[in-house]
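Q: I'm new to this structure and would like a close look at its charged side chains. Could you walk me through them?

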Amino acid sequence: MPKHDHHKAAAFHDHAAKSHRDAATAHEEGDTEKASQHSQIANDHSKKAQEASNAAHQKTKGPKTL
């Protein structure tokens with residue numbers, strides 16, 4: 001059974017948070033190249049999380065009735 005879009009969004013947010021922490025650690029260690037890579041991964045995961053969240057909200061709105 002596929003994951004619900006809210007679960008997908010949460011998973012991507014978790015991955016993004018880990019990548020942000022990894023980027024921060026790399027910056028603290030002075031490895032700007034590694035920090036940049038982790039930051040890009042974090043940004044990609046954040047974008048995917050937003051897309052999954054948007055999809056979940058579209059599905060939960062349902063048809064509009066007057």
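A: Let's begin with E28, which is exposed at a relative accessible area of 70%; buried means under 20%, exposed over 50% and partly exposed in between, using a 1.4 Å probe and protein chains only. This is a predicted model, where local features need pLDDT of at least 70, side-chain atom pairs count only at pLDDT 80 or more, and totals for chains, interfaces and linings use all residues. Residues are numbered from 1 along each chain as its sequence is written, and side-chain values use heavy atoms, leaving out hydrogens and water.

E28 lies in helix α1, residues 5–28 (helices are DSSP runs of H or I with at least four residues, numbered from the N terminus). Together with E29, D31 and E33, E28 forms a negative surface patch. Such patches take residues with over 30% relative accessible area and no salt bridge, joining like charges within 9 Å, and Asp and Glu count as negative.

Now for the salt bridges, of which the structure holds 2; each needs a side-chain nitrogen of Lys or Arg within 4 Å of a carboxyl oxygen of Asp or Glu. One joins D5 and K8, at 3.7 Å from N to O. Both lie in helix α1, 3 residues apart, about one turn of the helix. D5 is buried at 9%, while K8 is partly exposed at 35%.

The other salt bridge links K18 with D22, whose closest N and O atoms are 2.7 Å apart. K18 and D22 also sit in helix α1, 4 residues apart, about one turn of the helix. K18 is partly exposed at 45%, and D22 is partly exposed at 24%.

Key
Patch = residues over 30% accessible without salt bridge, like charges linked within 9 Å, V, L, I, M, F, W, Y side chains within 5 Å. Areas by Shrake-Rupley, 256 points an atom, 1.4 Å probe, with all protein chains shown as cover. Charge placed at Lys NZ, Arg CZ, Asp CG, Glu CD. Helix = DSSP H or I, 4+ residues; strand = E, 2+ residues; numbered from the N terminus.
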